[in-house]
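Work through the following exercises with the sequence and the model open.

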2 protein chains.
Amino acid sequence: MVNYFSSDFKLGILGGGQLGKMMLYETRKYDIQTNVVDPNAEAPCRIACDHFEQGDLMDFETVLNFGRKVDVLTFEIEGVNVEALAQLEKEGIKTYPSADTLKKIQNKGIQKQFYIDNNIPTAAFERFDNLEALTEAVKTEKVGLPFVWKSTTGGYDGKGVSVIKKAEDLDGLDDSECIAETMIPFKNELAVIVARSASGEVRTYPVVEMEFHPTANQVEYVLCPARIDDKVAQKARATAKKVSEAFEHVGLLAVEMFQTQEDEILVNEVAPRPHNSGHYSIEASYTNQFEQHIRAILDLPLGNTDSKVGGIMVNLVGDENHTGEVVYQNIEEIMKMDGVTPHIYGKKITRPFRKMGHVTIVNKDLAEARKIAEKVKNSIKVISKT
Amino acid sequence: MVNYFSSDFKLGILGGGQLGKMMLYETRKYDIQTNVVDPNAEAPCRIACDHFEQGDLMDFETVLNFGRKVDVLTFEIEGVNVEALAQLEKEGIKTYPSADTLKKIQNKGIQKQFYIDNNIPTAAFERFDNLEALTEAVKTEKVGLPFVWKSTTGGYDGKGVSVIKKAEDLDGLDDSECIAETMIPFKNELAVIVARSASGEVRTYPVVEMEFHPTANQVEYVLCPARIDDKVAQKARATAKKVSEAFEHVGLLAVEMFQTQEDEILVNEVAPRPHNSGHYSIEASYTNQFEQHIRAILDLPLGNTDSKVGGIMVNLVGDENHTGEVVYQNIEEIMKMDGVTPHIYGKKITRPFRKMGHVTIVNKDLAEARKIAEKVKNSIKVISKT
């Protein structure tokens with residue numbers, strides 16, 4: 001067994017954003033040395049790691065040189081140079097999740113095909129080399145309306161995804177490789193985080209539910225546990241586990257799924273890292289997702305994924321009318337509320353819809369937590385200094 | 001209201017040990033800027049703060065210059081230059097806990113007299129200028145045997161305290177100002193952490209119980225909640241609150257108490273900061289003690305002090321036969337156990353009985369947690385590399 005604790009062992013993390021920052025709470029707790037690289041000199045991870053450097057995560061040489069200085073390498077963002085990861089693996093640097101897994105996930109066309117090849121239920125789709133090919137297919141009615149357009153690469157937080165109801169909706173979309181996916185009139189959007197260690201130990205977290213705003217098409221709350229039937233929850237956890245095993249994934253895999261009107265579970269997409277849908281776990285779970293990720297990639301025993309209490313997460317995004325030095329208006333008001341913990345990521349400048357932090361609300365009674373979550377949502381505002 | 005979050009506001013922390021390190025998880029969570037000073041360049045806080053400097057905490061100029069660069073000043077260790085704190089207060093730097101409180105607490109004779117003056121129940125005592133004066137009092141039977149000798153300053157983790165059963169036990173003790181305290185044949189040693197904010201909001205944590213080794217005179221487990229009557233618990237919390245209010249304390253105050261055979265509560269001593277007896281709160285409480293300390297000294301609303309689950313803390317101290325580069329033997333074994341979280345403070349060198357970390361065990365059933373805690377205690381060993 002490697003001695004990770006207060007030793008010379010070094011963990012490398014590609015990316016220094018909020019996910020990395022929350023991972024560093026855990027490496028500090030275990031006193032595991034960390035190196036972090038991020039393009040932004042002011043990245044949230046610039047402190048709390050042992051060594052920080054500035055660099056382009058998509059640059060082969062940068063990732064290669066960074067990786068050569070560590071014993072195990074992981075990432076907190078998918079946008080990293082995967083060829084460099086593959087080269088590092090060849091050189092004997094343990095890279096978790098693997099270059100192979102990341103490659104499959106980085107391209108949504110390949111990811112979808114992987115589900116088909118592995119008998120993992122997912123919405124039907126077709127792949128197109130570019131927008132022109134898709135436009136032609138729509139014109140000739142080879143692809144029926146409506147459908148969901150997704151760019152195969154570069155999508156993030158709703159970018160690169162569009163609902164196409166009529167042919168004209170295609171105008172102005174990126175001219176990239178893309179897929180056209182059958183629209184699923186789902187009952188619920190669910191997610192399950194799976195932890196799988198290097199030696200194959202697997203644990204799934206409880207199913208979480210994304211609750212959408214009644215009119216705006218935006219996730220407002222992430223609730224754990226999801227307010228669904230036990231049978232559906234079991235099916236979702238089993239499906240997520242199957243996905244993780246198919247990828248031979250090491251680390252965390254966040255599996256986003258649809259619950260259809262017929263209570264079928266369809267895999268939407270995955271993220272091979274700690275995930276927004278698992279932030280509730282810091283306050284609610286016996287083992288939070290960041291600690292679990294560290295345990296998994298270092299092949300330590302996995303922790304209990306059960307919850308101590310019900311948890312709800314609300315994202316703190318920049319108000320749409322504000323750009324500039326950030327102020328968290330009414331944060332004192334929400335701190336008065338029972339079981340409320342704000343997490344401030346440390347970005348100095350707010351912009352419309354920028355993810356600036358999140359708030360967790362925990363309570364033994366999930367319905368009570370839901371009421372408090374709504375008060376939180378209606379109180380705090382992320383604005384700029386006047 | 002001051003804007004603390006992602007702003008130019010600076011919190012200064014005197015001392016960079018494990019308590020400071022755990023405080024920094026919370027300042028990072030809130031993105032509050034911190035400066036830390038510690039005599040040791042390798043102190044656990046050297047990373048995760050915004051600015052670290054090396055310096056002597058007992059040196060007037062060091063503390064003064066450090067304090068002048070921050071907006072609010074706190075400490076994680078009592079051994080700091082209190083005259084410098086008083087000077088900083090005069091200059092308008094908010095210092096919490098205050099110089100006045102710290103001065104009273106730093107000297108055990110003054111601390112005990114303060115309890116007497118404020119009608120706070122405590123064991124009877126007498127103060128002596130030096131060992132000679134005490135020895136004379138014992139000889140002339142003005143002080144009866146047995147009693148507890150305590151040096152009024154410099155005591156820490158059992159140092160500066162001795163049980164005197166016969167006159168010869170005084171030989172070799174420090175020749176310092178001291179007190180002789182009546183020995184209390186207590187049923188339980190209890191502690192309550194009180195949080196009091198600058199504007200006077202007060203919350204007490206549940207009573208914790210120190211469970212001693214059946215033969216060695218050493219605390220083995222800290223349990224929350226204490227396995228005592230509700231009435232006794234209420235009395236302990238009320239007493240602790242009274243102590244905090246008497247001091248007009250701002251920040252956390254850990255109040256250690258005896259439960260006598262007659263179920264009376266006597267105050268033993270206090271620590272004006274986050275405390276070993278509150279470490280369980282990181283995993284078990286709605287608001288952990290470090291977050292609560294930050295809330296209190298910044299006059300933010302105090303959080304819920306209730307527990308989500310039962311919690312037990314086991315100290316990780318260096319094995320008595322080992323000195324050198326530390327190894328946490330069998331740490332993987334304890335990580336397999338349910339609800340177990342090790343905290344490694346980050347000291348590279350272990351020495352006999354050195355506090356190297358702690359382990360928290362949480363469970364909905366405290367009796368179950370207690371069983372697991374015993375397994376933890378019997379598994380992990382803090383040794384040096386062979």
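**Exercise 1. Find the bridge partner of B:Phe125 in S9(B), and describe the sheet around it.**

Step 1. B:Phe125 has B:Glu181 as its bridge partner in S9(B). Strands and helices here are DSSP runs, numbered from the N terminus, with at least two residues (E) for a strand and at least four (H or I) for a helix.

Step 2. S6(B) and strand S9 (residues 178-182) of chain B run antiparallel and are joined by four bridges. Two strands count as paired if DSSP finds at least two bridges between them.

Step 3. The open sheet consists of four strands in the order S6-S9-S7-S8 (chain B), with antiparallel pairing. Strand S6 (125-128) and strand S8 (161-164) of chain B have a single partner strand each, so one side of each is left without a neighbour in the sheet. From one strand to the next, the twist averages 20°.

Step 4. H6(B) packs on this sheet and touches S6, S7 and S9 of chain B, and the direction of H6(B) makes about 170° with that of S7(B). Contact means heavy atoms within 4.5 Å. Axes are lines fitted to C-alpha atoms, for helices over the stretch in contact, and angles between N-to-C directions run from 0 to 180 degrees.

Step 5. The loop between helix H6 (131-139) and strand S7 (147-151) of chain B holds B:Pro146. B:Leu145 and B:Pro146 are joined by a cis peptide bond, with omega about -10°.

Before going on, note the conventions: the model is predicted, local features need pLDDT of at least 70 and side-chain atom pairs pLDDT 80 or more, while totals for chains, interfaces and linings use all residues. Residues are numbered from 1 along each chain as its sequence is written, chains are lettered from A and ligands numbered from 1 in the order in which they are written, and side-chain values use heavy atoms, with hydrogens and water left out.

**Exercise 2. Give the strand order of the five-stranded open sheet in chain B, and name its edges.**

Step 1. The order is S3-S2-S1-S4-S5 (chain B), and the pairing is parallel.

Step 2. Strand S3 (51-54) and strand S5 (94-95) of chain B are the edge strands, each pairing on one side only.

Step 3. Four bridges link S3(B) to strand S2 (residues 33-38) of chain B in the parallel sense.

**Exercise 3. Decide how many disulfides the structure holds, and examine the cysteines.**

Step 1. A disulfide is a pair of cysteine sulfur atoms within 2.5 Å. Over all chains, the search finds zero.

Step 2. A:Cys49 is in no disulfide, and the nearest cysteine sulfur, that of A:Cys45, is 6.5 Å away. A:Cys49 is buried, at a relative accessible area of 4%. Buried means under 20% relative accessible area, exposed over 50%, and partly exposed in between (1.4 Å probe, protein chains only).

Step 3. In chain B, the sulfur of B:Cys45 lies 6.5 Å from the closest cysteine sulfur, in B:Cys49, which is too far for a bond. B:Cys45 is buried, with 0% relative accessibility.

Step 4. A:Ala48 lies in the loop between strand S2 (33-38) and strand S3 (51-54) of chain A. Its phi is near 85°, a positive value in a residue other than glycine, and at 7% relative accessibility A:Ala48 is buried.

**Exercise 4. Are the residues of strand S18 of chain A buried or exposed?**

Step 1. Strand S18 (residues 340-344) of chain A is mostly covered, with five of its five residues buried.

Step 2. In a regular strand the side chains alternate between the two faces of the sheet. A:Val340, A:Pro342 and A:Ile344 point one way from S18(A), and A:Thr341 and A:His343 the other way.

Step 3. S18(A) pairs with strand S20 (residues 355-363) of chain A in the antiparallel sense over five bridges. A:Pro342 has A:Val359 as its bridge partner in S20(A).
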